[in-house]
Amino acid sequence: MLRRNRRVLPQWLERLLGPDERQLGCEECFHQLDRYVELELTGVDAAGKHPRMRAHLDGCPACKEEHDELLAFLRERNP
């Protein structure tokens, strides 16, 4: 099956197919956003630890905007 061999697929095709797991909704994304951004700020591979979150942020402009604003805000407060 094509989805089982995702590591060999081009990045554009992976984005088109989406994640194998259950999709993350906006509400769940919002509740996890602060922890996700904190991981990013500490240098942890947040996308690797939470691929469903990264997939949602890549596909949802509203949540991506919230993420980017929170990340920028926290970077300004803690240079």
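What you see is a predicted model, in which local features need pLDDT of at least 70 and side-chain atom pairs count only at pLDDT 80 or more, while totals for chains, interfaces and linings use all residues. Residues are numbered from 1 along each chain as its sequence is written, and side-chain values use heavy atoms, with hydrogens and water left out.

Let me begin with the overall architecture. The chain has five helices and zero strands, where helices (H or I, at least four residues) and strands (E, at least two) are DSSP runs numbered from the N terminus. Read from that terminus, the order of elements is α-α-α-α-α. The chain has 79 residues, of which 25% count as buried; buried means under 20% relative accessible area, exposed means over 50%, and partly exposed lies in between, with a 1.4 Å probe and protein chains only. As for contacts (heavy atoms within 4.5 Å), 48% of those between residues at least 6 apart in sequence join residues at least 24 apart.

I turn now to the cysteines. A disulfide is defined as a pair of cysteine sulfur atoms within 2.5 Å. By this rule the count is zero. Cys29 takes part in no disulfide, and the nearest cysteine sulfur to its own is that of Cys63, 4.0 Å away. Cys29 is buried, at a relative accessible area of 0%. Cys63 is buried as well, with a value of 9%.

On the helix 2 side the meeting residues include Cys29, Leu33, Tyr36, Val37 and Glu40. Those of helix 5 include Cys63, His67, Leu70 and Leu74.

Leaving aside residues up to four places away in sequence, His67 touches Leu33, Tyr36, Val37, Glu40 and Leu57. The C-alpha atoms of His67 and Cys29 are 9.6 Å apart, although 38 residues separate the two along the chain.

My next topic is charge pairing. How many salt bridges does the model contain? There are four, a salt bridge being a side-chain nitrogen of Lys or Arg within 4 Å of a carboxyl oxygen of Asp or Glu. One of them joins Arg52 and Glu28, at 3.7 Å from N to O. This pair links distant parts of the chain, with Arg52 in helix 4 (residues 51–59) and Glu28 in helix 2 (residues 26–41), 24 residues apart. Arg52 is partly exposed at 23%, and Glu28 is partly exposed at 25%.

Another salt bridge is that of Arg54 and Glu40, with an N to O distance of 3.9 Å. Because Arg54 lies in helix 4 and Glu40 in helix 2, the pair ties together parts that are 14 residues apart in sequence. Arg54 counts as buried at 19% relative accessibility, while Glu40 counts as partly exposed at 23%.

Arg54 has a further partner in Asp58, their closest N and O atoms being 3.2 Å apart. These two residues both lie in helix 4, four residues apart, about one turn of the helix. Asp58 is exposed, with a relative accessible area of 53%.

Finally, what does the Arg54 side chain contact through a polar contact? The partner is the side chain of Tyr36, at 3.4 Å. A polar contact is a pair of N or O atoms within 3.5 Å; within protein, one must be able to donate a hydrogen and the other to accept it, and residues adjacent in sequence count only if both atoms are side-chain atoms. Beyond residues up to four places away in sequence, Arg54 touches Tyr36, Glu40, Ala47 and Lys64.
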